[in-house]
Structures are given as C-alpha cells and as structure tokens.
Amino acid sequence: MEPAPATVRNLEALEALQQTLLKNRKLANATIATCCGTGCVAKGAIDVFQALRQEVAKLRSAPVPGRRDVKSVKTLAHTGDSQHTSVSAAKNGRAPVPGTLRVVSKCTGCHGFCEYGPIVVVQPHNFFYTNVKKEDAPEIVAQSALEGKVIERLLYRNPVTRKRATRAEDIPFYQKQRRIVLSHNGVLDATDIRDYIAAGGYRALGKALRQMTPEAIIAEIENSGLRGRGGAGFPTGKKWAACRQARGDRRYVICNGDEGDPGAFMDRSILEGDPHSVLEGMIIGAFAIGASEGYIYVRNEYPLAVERLQTAIAQAKQYGFLGRDIFGSDFSFSIRINRGGGAFVCGESTALTASLEGRPGEPRMKYIRTVESGLWGMPTTLNNVETWANVPRIIHQGAAWYAAIGTAGSKGTKVFSLVGKVNNTGLVEVPMGMSLREIIFDIGGGVQEGRQFKAVQTGGPSGGCIPAAHLDCPVDFDELTKLGSMMGSGGMIVMDEDTCMVEVARYFTHFLAEESCGKCVPCREGLSQMLAILNRITQGQGQPRDLEHLEFLCHLIQNTALCGLGTSACNPVLSTLLYFRDEYRAHVELKKCPAGVCRNLFRYEIDPQRCKGCQRCLKDCAVGAITGKRKMPHVIDQQQCTKCGACFSACRLDAIQKI
Amino acid sequence: MIASAQPSSVANAIQRYGGGVGFLIPILQDIQREYGYLPQPQLKELSRRLGVPLSRVYNVATFYKSFSLQPRGRHLISVCTGTVCHLKGAVKLVEAIRGQLKLPTGETTQDMRFSLETVNCVGACALAPVLVVNGTYYAKAKPGKVADILKAYK
Ligand SMILES: Cc1cc2nc3c(=O)[nH]c(=O)nc-3n(C[C@H](O)[C@H](O)[C@H](O)COP(=O)(O)O)c2cc1C
C-alpha cells in the first residue's frame, strides 16, 4: 500500500519513504508506460493509454486463464483531467499479497523519439514499442506484460540494417545520447510525486537544506561550470552569488519557461515530463540566494505544462517540499505559475519581469541588472527551465562529476530539439562538445528522403545558419558563436537542398519584426526596413545595392538596439549572407531562386524524356494546369500554375523539375 | 439596476488572485476564458475595481497577442507557423484553410463558426505542419486534409 502524503521533516524520513516506494514499485511484475508527451498525444497516445488501462483493469475482473493469481491492478488516469484514479489492492485496505501479479499502466513524459510515436515501454523487459495503436493494447498486456514475450511487429526497425531493436539502447537515436536532464522523461509518471521520490527525487533538496550552507551551494554550482541554458550561457553560480550579495528586502527566483524560439520544445518536454526536477532546482536556488517567493513563467501555448506544474506544486506542498519550514529547516518558499500572453520578447529577462508585474513586456536598458533590481525592484535570479533542472543533479552528484562532462568552456549536457528535414525528429541530449555532424547524422539519421544537407539553423531567430563545411564544429557556447550562430535555447533545425536560405532569412526577419515590442527605434524601424528589402528580393524585385543595404542595417541594429531581440536579430541575415551569398545574388541579379521556393523566381517543367504519362501529377493539380494523354508526356500551363508543388511531390520519376 | 447578490465574474477573477495590479494579466486571461474575448464593459469594470486607468488595461490587452478585443468564433483554429512548420508548408496550409472557410482576410467567419489565428510555434515539430483546433492537435496537416478536419466542428 502506498503511504499517504505526509510532511517530510528530514533526510532520514525521505530515505525511508523512498525505500517504501521503491519496494512497492518492485512489486509490480510489469509496468506499461505510455508516452504522453505532446507529439505522442497528437498521434493518439491517449487512446492507446486508455485501451491499455482497460486491458489492465480487465485482468482484475477476469483473470487470465491459468493465471488466477492476477489480483491487483493500479492504473493512473491521464493528464487531460489530471486526476488519479488509483484502483489497486490498496483500495480494499489490504497490502498486496506477495507473489501476486501486479500490472501497472502509467503515462510518462516525452521520450524524445517523436517521429515514431506513440511510444510504449514495457518493464522490466524494457521492450520499446513504436507507432503503437490502441488495437495493440490487448496483445501488449497479454503477451508482453504477462508473458514477457516481445511483439516483433511493434519494434523499431533500423532503416539501414533492417534489423529490429528490442530496447531503446539498441536504437542508434539513443546510443550516442547522454541523458541527465531527460533521464526521468519516459520513465516517471509526471503526475505522481511518488515516482519522483522513488527515483531519488528531493534528496538533493534535503542535502542542500540540511547539510550545506547557501554559500556552499553557490560554490558547488560555480565549480560545476553550469552555464545558463536559455541562450546567453551566463555562468549560473556567478549569477546566484551576485543576487545573494545584492541588497534588498526580498528576493525572487524566476523560472523562464517562455520558450519562444520556434522549433524548440525542450523546456516544454521537461516541464511536462519532469516538473519536479524544475521545482527542486528552484527551491535549492531560492535557499541559496535567500528568496522566499518564486515564479514560473510559462508560455501561453503550453497548457499541458501549466497543468503538470500545478499538480506538481500541489503534491510538493503535501510533502512539505514547498511551504513553511521545508525539510524541518526554517526556510520557507512558495511558487506561483504565470502564463505568458503570446509575446516572444517576454522571454527576455527584463520584459519577462515587466510582464510578471502586469505591464506590457517591454525590455529596459541593461545597466540596471536584474540580479540587483529585478521583479518589483528587488534582487532577482532568473534562469531557464533546463538550467533549473540541472541543479538537483549537480547538488546530488557533485560539481566534479558535472564538470567532467563537456568541453573546457561548456560543461554538462545540452538538450536539443532536432527538427526540420531530418529523419529522427525529436529531443536529444548530448554531452557538450559533440559535433553537429554526429548529432544530425548519427543520432538524427541524416536528411529526410535522401536529400542533400544544406544547413543547420541553431539558436532560434537570434541564431544563424551553419553550412555543411562546418558540420564538424563541436556544440559549445563559444564555438557556435564563432560561426556567427549561437547555442540559443537548443533548437536545431535541419535544412535540405529544397530550402531557400534567402527565404529562411526573410522568415526570421518577418518573425522578429512582428515580435519587436516597438520600444526602441532601431529594432522597430530597422527590422521593418530589412523585411521590406528581403520581401522585395524574394519576390524578384531585388535591386543591385540591396545586399549592401542589408548589411548596413544589420550592423546598425546590432549596435544600437535596446535589448537582445534587436542586437541578435541580424544573425539569420548575416550568417546567410556570409555562407550563402551566391544564393542571394542569384535572386537579385539573375532573378532566380535556385532552391525553387520563391514563387516568382522559378517554374515547374516536365521533362518529356522522363515523363511516362502516368497522370499522377495531373490528378493532383488543384487548378487543372497540367494536360496530357495517358502514356504521353504531360505539359504544365505556366499561366495557370500556382506553383503549389503538388505535382512535384506526386511525381515518382523525378520528371518534374524546378527551373 | 437590480442589485445582484452574485459577485460579477470580474470581481471573482480579481479575488482569485488576491487583488493587485500585478495580476492584471492572469485576471485578463480568466476574463477571456469566460467570454472568449475581452468585452469592453468588463474591461471598464476591471479598471474601476483595480483602480487603474482604463488606458493601462488596454495597454496590456493590446500588447499581448493572446488577447482578443473582438468576439471570436465557436471554434478556434490555430495554425503553427514555427520554423519547421514554415519549411514544411504552413503558408500553403493557411491558404487552404482560408479557401475552405471563404475567409480571404480577417479572423472570424461571419457565421461565428470559426476563428483562425497563426501561432509562432506549438512545440510539436515532429508533427509539422501542425494544425490545432480547440486544443486538439492534427499532425502532418496537409492542405488536402483541411476539409476533412474542419467537418467535425459545427
Ligand atoms: C528576445 C529574447 C528572447 C528570449 N527568450 C528566452 C526564452 O524563451 N527562454 C529562456 O529561457 N530565455 C530566453 N531569453 C534569455 C533570457 O533573457 C535570459 O538570458 C535567460 O532566461 C536566463 O536564464 P539562464 O541563465 O538560465 O539561461 C531570451 C532573450 C531574448 C533577448
């Protein structure tokens, strides 16, 4: 029977609780974990989870023939309503009989392998099932959970070797990863604090509060070499020390969960899959700097993260990890959640604090430092979600352990969301210093549909595009900056030969022009001028001096904008001008888009040599621009063609060309 | 005017956060959740009750994209225009939806059935291009699938 929640007053009590919870977990003969991250949910994971839950529940009412010992079952409800329905032996007040078969079905956070969701893992065998459908549930329970037999058809198949992989460790996607921050994702039930405690959760908090001084904690974080994961890579320990020393009546800690970079979802997955790590990190940080209130600022587009955090905070209060006299110390701390309003600039620290104060998210000059005068004018420590999630691990395992991972200047691991035209889209966590090539080709499985790699965009809208020539660059805060990009928060967007780099630069500039708060002139006016030029170029009206003007504006904004949004806004344009200048020139001088993206600058044509007249393209054309008899080469009427690309994707013979 | 014993929804929202102008944004979010948008009378009431100028309330309400000052349709379609969705055809998806809804510009259809918005990134890049209707995610939403998806929302 699971112990009822009660305040944990010291490390011994936590230890005892952990042991009980662990023992209970070992009683389960099988645990079926369904990934309930956003990616899997969109692909039907909730249906799968519910079907599994039903199957498990059936075991109780109708034991399987020959297995009359199936008695107790525990199921956890999903998330959508974030309620737990615990149907277990504990219900009738009896402890599980030893030898009783227990099957647990639970939902976990994101495994990262989103391309192959929904993902179901069956323990203790570690079977890793991909693309699971609800129809597979009876077999998973009967075969894998009860009999320990693997279901071949649900295993991942390596596209190259055609071999099936039974466990996650057998899949190349996972082999090169080193999961520290993501270690709980896909394993723990994010809505159950007991899972977290059983895995050693809140031990670091106990250690920090009962065995360490605030100064010792800060020193530990400084020695670990942890640098902020929100973009700028500022040393976390240094920030905390400055905040502790700053004068003020109150202090605040803030968790930046605004994750505005398009193409990034690391923070979302951590908040959804392992919210307690973030809470634990914040509580430790608050104790170290002397704060009694904390805020988590979550993006408006992340409702599930808000829900998981609310559940986690309520549970942490039940156990006394939040509230008064935490762990029997005299330290008290509370956390509130604020939802963002859908403004990218609010990820910037001073804009975020303005938003928390109920004002429009407009940044202010940086000569006043947030650590000295942040929220309500008080010393404030603001860190990113992933930064906070690293803290309990460092306190628990020590600075030396952490500092041994990574490069000279960038310690530990980094979570990336590897997305775009890459085969294994998903979340990956690697030690700092791994090369871009290893991440994209070994873990990511290379470019989709066998196309040619063109560039990888890192650092979100403030980052840059890195070409193939620099694929061996190690990921490290300083190395990426040298290439004109940056680490940013961890978006890694792979682009193939069908991507137009000028259009990509236009896209980011458009994004930033829209998101500029308008407070300072260089950003507000400069970005719209840049956008006008880029629009003109991609529409085929580029003028000879456009590239020069772009560069001039870039340097102007870089040097004069008020906040990081403006000063880094030019990276996408500058990096593409640096590495793909020929492509710009083709647009401006030849009025051609070599990648065949900018609609006014190319046309589709059918190669009569290759076309076999299969009529596939003709059927897919929405505007009837294609004509031709069966088995005869077809023709595209350029007047009618809208360049939607449907024919291009439909053709199996590569007969349609972009000219 | 009949004095009602029931506290207004604005008063409730203020109370939920223990008052204070610092909670202006969460309060506005609650009002928007209740009405689907921010109606003028409620904003006026909020300004009066919090004791902050109406201009300040509007300053915040118009700064943040998630607030709407116009009534919205019964169903909210959000098209993700994050980088990956953009690379994988979000622009064509928006065009297809506009065509389907006969909504060349603007946000809301005349029959108030749908409102259309674009959002920066919903963080579900493995599913690109993503379409979200009332919180339900549709993966790999190609223009050809739009009619089928929207059919279910009356
Ligand atoms: C325009 C802009 C947007 C930002 N967006 C985010 C964000 O979404 N998440 C984040 O953690 N940091 C973001 N930052 C960085 C923060 O200002 C800040 O440096 C960071 O949250 C500090 O935490 P860290 O030291 O743990 O990285 C942004 C910065 C700028 C200039």
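**The sheet of chain B**

Guide: In this predicted model, chain B holds an open sheet of four strands, ordered β2-β1-β3-β4, with mixed pairing.

Visitor: Which strands stand at the edges?
Guide: Those are β2 (114-119) and β4 (136-138) of chain B. Each has a single partner strand, so one side of each lacks a neighbour in the sheet.

Visitor: And what is the average twist from one strand to the next?
Guide: The twist averages 25 degrees.

Visitor: How do β1(B) and β2(B) run, parallel or antiparallel?
Guide: They run parallel, and six bridges join β1 (residues 75-80) of chain B to β2(B). One example involves Ile77(B), whose bridge partner in β2(B) is Leu116(B). As background, strands in a sheet pair through hydrogen bonds of the backbone, in either a parallel or an antiparallel manner.

Visitor: Which helix lies across β1, β2 and β3 of chain B?
Guide: That is helix α6 (residues 90-101) of chain B.

Visitor: How many helices and strands does chain B have?
Guide: Chain B has seven helices and four strands. Along the sequence, their pattern reads α-α-α-α-β-α-α-β-β-β-α.

Visitor: What does the C-alpha trace of chain B span along its principal axes?
Guide: The span is about 55 × 30 × 25 Å.

Visitor: Let us turn to chain A. What domains is it divided into?
Guide: Chain A is divided into domain 1 (24-171), domain 2 (193-403), domain 3 (413-496), domain 4 (501-590) and domain 5 (603-658).

Visitor: How far apart are the C-alpha centres of domains 2 and 3 of chain A?
Guide: The two centres lie 27 Å apart. Domain 2 of chain A gives 16 residues to the contact, and domain 3 of chain A gives 20 residues.

Visitor: What area do domain 2 and domain 3 of chain A bury between them?
Guide: They bury about 1400 Å², with 59% of that on carbon and sulfur atoms. Interface size is often expressed in this way, as the accessible area lost when the parts come together.

Visitor: How many salt bridges are there between domain 2 and domain 3 of chain A?
Guide: The count is two salt bridges. In chain A, a salt bridge joins the side chains of Glu386(A) and Lys414(A), at 2.6 Å from N to O.

Visitor: And how many residue pairs are in polar contact between these two domains of chain A?
Guide: Five residue pairs are in polar contact between domain 2 and domain 3 of chain A, both residues being at pLDDT 80 or more.

How values were computed. Residues are numbered from 1 along each chain as its sequence is written. Chains are lettered from A and ligands numbered from 1 in the order in which they are written. This is a predicted model: local features need pLDDT of at least 70, side-chain atom pairs count only at pLDDT 80 or more; totals for chains, interfaces and linings use all residues. Side-chain values use heavy atoms; hydrogens and water are left out. Two strands pair if DSSP finds at least two bridges between them. Helices (H or I, at least four residues) and strands (E, at least two) are DSSP runs, numbered from the N terminus. Axes are lines fitted to C-alpha atoms, for helices over the stretch in contact, and angles run from 0 to 180 degrees between N-to-C directions. Contact means heavy atoms within 4.5 Å. Domain bounds come from an automatic or database domain assignment. Buried area is the accessible area (1.4 Å probe) that two parts lose on being put together, summed over both. A salt bridge is a side-chain nitrogen of Lys or Arg within 4 Å of a carboxyl oxygen of Asp or Glu. A polar contact is a pair of N or O atoms within 3.5 Å; within protein, one must be able to donate a hydrogen and the other to accept it, and residues adjacent in sequence count only if both atoms are side-chain atoms.
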